[in-house]
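Q: Hi! I've got a structure open and I'd like to talk it through with you. Could you help me get my bearings?

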Amino acid sequence: MVSWNTLISAHARMGQMRKAKELFHSMPDKTVVSWTALVSGYTAVGDFTGAVEVFRLMQMEGFEPDDVSIVAVLPACAQLGALELGRWIYAYCNKHGMLGKIYICNALMEMYAKCGCIEEALQLFHGMSEKDVISWSTAIGGLAAHGRAREAVRLFEVMDGEGRVMPNGITFVGLLSACSHAGLLDEGLRYFDRMKEDYGVEPGVEHYGCVVDLLGRSGRIQPALDTIRG
């Protein structure tokens, strides 16, 4: 069984889903690990419909999802906007005591935020007894994406003030995007400068993109062009 599952996972990770599927259907017996390997593979190659279909078939065959299979399928729900399945997964996790796990809550938050349900995402966030940088980044980015930019900036300040979790590059993408959409030019430039100086985060092309957008929305076209050239 371990050998079969390892082969399926290996082919899935290399994007060879046809071979992974052939191996899967050739197995004399299957476990939830086998099904999860297939779900993860479909999600990784961007076949989100395939991932959701395999997840549903797994349940129809009588296999109970575990935390790994849930984390594997939630990104597919987020990309497809499959809110009904996402809410079922939340109820399932709540019933089986999985909401105490940070990575489960993070995946559920991202699903809710990308499906347009930012309030549900925030409710999960505020109910978490422990949060990591992914938790904070997901909440900040979700608020920014839903036009609640000033709330996103305030949430970053709370994170920064607590000092328990250090922001990373993804955190700053959400923060700079929020500043751009709220027209917070001075704040955005200040946060960009602090990225490397205070937090040791090297700016990437996505951060420079946010700065260019911030300057452009503020009518600072020449500084935006200078940023691109630099």
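This is a predicted model: local features need pLDDT of at least 70, side-chain atom pairs count only at pLDDT 80 or more; totals for chains, interfaces and linings use all residues.

Q: How many helices and strands does the protein chain have?
A: There are 14 helices and 0 strands in the protein chain.

Q: And what does the chain span along its principal axes?
A: The C-alpha trace covers about 65 × 40 × 30 Å.

Q: How much of the chain is buried?
A: Buried residues account for 45% of the 230 residues.

Q: Let's pick one. Is Leu175 buried or exposed, and why?
A: Leu175 counts as buried because its relative accessible area is 0%, and the cut-off for buried is under 20%. You'll find Leu175 in helix H11, which covers residues 169–182.

Q: What is Leu175 in contact with, leaving aside neighbours within four places in sequence?
A: Its contacts are Ile140, Val153, Phe156 and Tyr191. As for Cys210, 35 residues away along the chain, its C-alpha atom is 9.3 Å from that of Leu175.

Q: Switching to the surface: which residues make the nonpolar patch of about 280 Å²?
A: That patch is formed by Ile221, Leu225 and Ile228.

Q: Where does Ile228 lie?
A: Ile228 is in helix H14, residues 221–229.

Q: Why does Ile228 count as exposed?
A: Because its relative accessibility is 56%, and exposed means over 50%.

Q: Last one, charges! How many positive and negative ones are there?
A: The chain has 21 positive and 27 negative charges, and their mean positions are 3 Å apart.

Technical notes. Residues are numbered from 1 along each chain as its sequence is written. Side-chain values use heavy atoms; hydrogens and water are left out. Patches are made of residues with over 30% relative accessible area and no salt bridge: like charges are joined within 9 Å, nonpolar side chains (Val, Leu, Ile, Met, Phe, Trp, Tyr) within 5 Å. Accessible areas come from the Shrake-Rupley method with a 1.4 Å probe; for residues, only the protein chains shown count as cover. A salt bridge is a side-chain nitrogen of Lys or Arg within 4 Å of a carboxyl oxygen of Asp or Glu. Helices (H or I, at least four residues) and strands (E, at least two) are DSSP runs, numbered from the N terminus. Buried means under 20% relative accessible area, exposed over 50%, partly exposed in between (1.4 Å probe, protein chains only). Contact means heavy atoms within 4.5 Å. Lys and Arg count as positive and Asp and Glu as negative; His and the chain ends are not counted. The place of a charge is taken as NZ of Lys, CZ of Arg, CG of Asp or CD of Glu.
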